[in-house]
Amino acid sequence: MLYQLSAVYKSNRSLFLQSDMASTVTFTSVSAQAGLIQKPRNNGVTSYSGLKTSSSSVSFGLESSFLGRNASLRASVAPRIVPKAASGSQISPQASYKVAVLGAAGGIGQPLGLLIKMSPLVSELHLYDIANVKGVAADLSHCNTPAQVLDFTGPSELANCLKGVDVVVIPAGVPRKPGMTRDDLFNINASIVKSLVEAVADNCPDAFIHIISNPVNSTVPIAAEVLKQKGVYNPKKLFGVTTLDVVRANTFVAQKKNLKLIDVDVPVVGGHAGITILPLLSKTRPSVTFTDEETEELTKRIQNAGTEVVEAKAGAGSATLSMAYAAARFVESSLRALAGDPDVYECTFIQSEVTDLPFFASRVKLGKNGVESVVSADLEGVTEYEAKALEALKAELKGSIEKGIAFANKQQEAAASV
Ligand code: NAD
Ligand code: LMR
């Protein structure tokens with residue numbers, strides 16, 4: 001059934017920023033609600049991670065939804081913009097993006113699959129793993145949301161999984177146990193990421209690639225080298241997923257300062273391990289002041305939050321549910337960017353020129369072609385504490401990046417000499 005909706009989208013916020021949304025449980029966003037209107041912020045960026053602003057008259061079809069056909073859901077669909085033949089002033093959004101999850105049967109992969117299955121923007125969800133993915137796909141396929149779920153098991157089915165895909169998310173690999181660092185995962189996960197990204201290069205080189213597998217500070221440089229070796233590297237489309245650091249920072253700051261979660265946005269820059277995770281608390285929106293003790297305590301908690309979960313799980317893995325939530329937010333933002341939403345911002349670990357390091361997590365503006373611009377202003381006017389922390393993280397981050405690059409190049413040399 002075709003629903004017609006003419007709506008002026010004043011301001012939309014992603015579900016992923018909302019804590020107080022019991023009545024507005026949509027995967028994507030909630031629009032035009034009193035109290036949710038986002039005013040332009042004072043650093044030239046009009047919206048932040050997960051926020052969107054657009055203004056358009058839309059009409060769209062929606063077959064079914066787990067939420068039913070309520071106005072909130074309909075108004076929340078971030079459209080894929082296709083000009084209508086008959087009318088230049090209307091746009092017709094469709095659930096038309098294909099998303100692949102590699103490592104889909106795992107702790108992150110399963111809840112991430114569910115969240116992506118809930119997106120009205122997704123037409124096909126491709127689930128790949130080396131084992132146990134059939135059951136996950138059968139289970140998810142019963143949810144009455146638009147995305148068709150397809151399963152792919154083992155390397156022989158990987159190419160078919162990837163063909164025609166718009167976004168590839170990679171959470172494949174082993175997680176930490178108590179006492180381990182993320183770098184301790186390198187020996188296993190480096191090879192996994194390398195082989196999966198080779199397949200991405202061969203089958204969907206234009207896709208957005210989201211790397212979750214740790215150590216992100218090394219696996220993203222590995223992916224970049226593999227894509228270069230294959231001659232298809234586009235630095236604007238390769239992302240290390242650091243959204244969980246932002247999600248945590250927002251949560252912890254809101255708790256500490258007694259703020260409404262929906263209002264809080266903390267940029268987190270650097271990398272994704274220990275001291276390389278640098279929350280820029282001085283850039284928190286809304287503007288809020290912290291004592292030196294609060295800054296120290298919050299920064300340490302955000303940096304150690306992954307370890308906090310690893311220890312609480314006591315050997316059963318690392319963050320999976322909050323990670324799936326964060327990864328789904330990043331997927332959602334990417335799809336909105338692909339759909340032409342002009343106002344999508346996320347922090348992510350990318351090839352970078354904002355410091356002397358070749359990769360660095362920054363807040364970026366996402367567009368149809370990936371990273372459109374980097375919000376380098378985040379690194380201007382930082383506090384002395386943040387400036388020192390930035391200098392302190394560089395050696396470790398540089399080492400992790402170089403380790404990834406060296407691994408990929410060594411593998412290539414070894415392959416060439418066979
Ligand atoms: P998990 O062990 O529960 O799941 C991993 C899945 O990957 C398994 O289903 C496994 O079969 C699959 N897998 C292994 N090798 C594969 C291959 N070659 N191809 C396809 N699938 C393969 O682990 P998890 O808890 O889901 O964590 C996965 C990774 O994500 C870990 O490396 C973890 O450290 C990382 N992680 C990153 C963040 C982040 O913020 N970026 C947060 C949490 C976890
Ligand atoms: C996290 O931040 O939770 C992940 O990187 C997993 C981990 O090992 O801490």
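This is a predicted model: local features need pLDDT of at least 70, side-chain atom pairs count only at pLDDT 80 or more; totals for chains, interfaces and linings use all residues.

Reader: Is Ala314 buried or exposed?

Author: Ala314 is exposed, because its relative accessible area is 60%, and the cut-off for exposed is over 50%.

Reader: Which loop holds Asn258, and what is its phi?

Author: Asn258 is in the loop between helix H7 (243-257) and strand E14 (268-270). The phi of Asn258 is positive too, about 55 degrees, although Asn258 is not a glycine. With 72% relative accessibility, Asn258 counts as exposed.

Reader: Prolines now. What sort of peptide bond runs from Asn214 to Pro215, cis or trans?

Author: That bond is cis, with omega near -5 degrees. Pro215 lies in the loop between strand E12 and helix H6 (216-229).

Reader: And what about the bond from Arg285 to Pro286?

Author: The bond from Arg285 to Pro286 is cis as well, with omega near 0 degrees. You will find Pro286 in the loop between strand E15 (277-279) and helix H8 (292-313).

Reader: Back to Asn214. Which ligand has an oxygen 2.9 Å from its side chain?

Author: That is ligand 1, where an oxygen atom is 2.9 Å from an N or O atom in the side chain of Asn214.

Reader: Nice. How many residues surround ligand 1?

Author: There are 27 residues around ligand 1, and the closest are Gly107, Asp129, Pro171, Val174 and Asn214. The backbone takes part too: a polar backbone atom of Gly107 is 2.8 Å from an oxygen atom of ligand 1, and a polar backbone atom of Ile108 is 2.9 Å from an oxygen atom of ligand 1. Ligand 1 has 860 Å² of accessible area on its own, and the protein covers 85% of it.

Reader: Then which residues surround ligand 2?

Author: Ligand 2 has Arg176, Arg182, Asn214, Leu244, Arg248, His272, Gly306, Ser318 and Ala319 around it. An oxygen atom of ligand 2 is 2.6 Å from an N or O atom in the side chain of Arg176, and a polar side-chain atom of His272 is 2.6 Å from an oxygen atom of ligand 2. Taken alone, ligand 2 exposes 260 Å², of which the protein buries 96%.

Reader: Let's switch to the strands. Which way do the residues of E11 point?

Author: In strand E11 (residues 167-170), Val167 and Val169 point one way while Val168 and Ile170 point the other way, and all are buried.

Reader: How does E11 pair with E8 and with E12?

Author: Strand E8 (residues 97-102) pairs with E11 in the parallel sense over three bridges, with Ala100 opposite Val168. E11 and strand E12 (residues 208-211) also pair in the parallel sense, over four bridges, and there Val167 stands opposite Phe208. Between E11 and E12 the chain passes through helix H5 (residues 186-203), and this β-α-β crossover is right-handed.

Reader: What else does E8 pair with?

Author: E8 runs parallel to strand E9 (residues 122-129), joined by six bridges. Glu124 in E9 is the bridge partner of Lys98. E8, helix H2 (residues 109-117) and E9 form a right-handed β-α-β unit. As for cover, five of the six residues of E8 are buried.

Reader: Last topic: how many disulfides are there?

Author: The count comes to zero disulfides. Take Cys204: the nearest cysteine sulfur, that of Cys161, is 8.1 Å away, whereas a disulfide would need the sulfur atoms within 2.5 Å.

Reader: And why does Cys204 count as buried, while Cys143 counts as partly exposed?

Author: Cys204 counts as buried because its relative accessibility is 5%, and the cut-off for buried is under 20%. Cys143 has 29% relative accessibility, so Cys143 counts as partly exposed.

Conventions:
Residues are numbered from 1 along each chain as its sequence is written. Chains are lettered from A and ligands numbered from 1 in the order in which they are written. Side-chain values use heavy atoms; hydrogens and water are left out. Buried means under 20% relative accessible area, exposed over 50%, partly exposed in between (1.4 Å probe, protein chains only). Helices (H or I, at least four residues) and strands (E, at least two) are DSSP runs, numbered from the N terminus. Two strands pair if DSSP finds at least two bridges between them. A crossover is right-handed if, with the strands pointing away from the viewer, the path from the first strand over the helix to the second runs clockwise. A residue is near a molecule or strand if one of its heavy atoms lies within 4 Å of it. A polar contact is a pair of N or O atoms within 3.5 Å; within protein, one must be able to donate a hydrogen and the other to accept it, and residues adjacent in sequence count only if both atoms are side-chain atoms. Accessible areas come from the Shrake-Rupley method with a 1.4 Å probe; for residues, only the protein chains shown count as cover.
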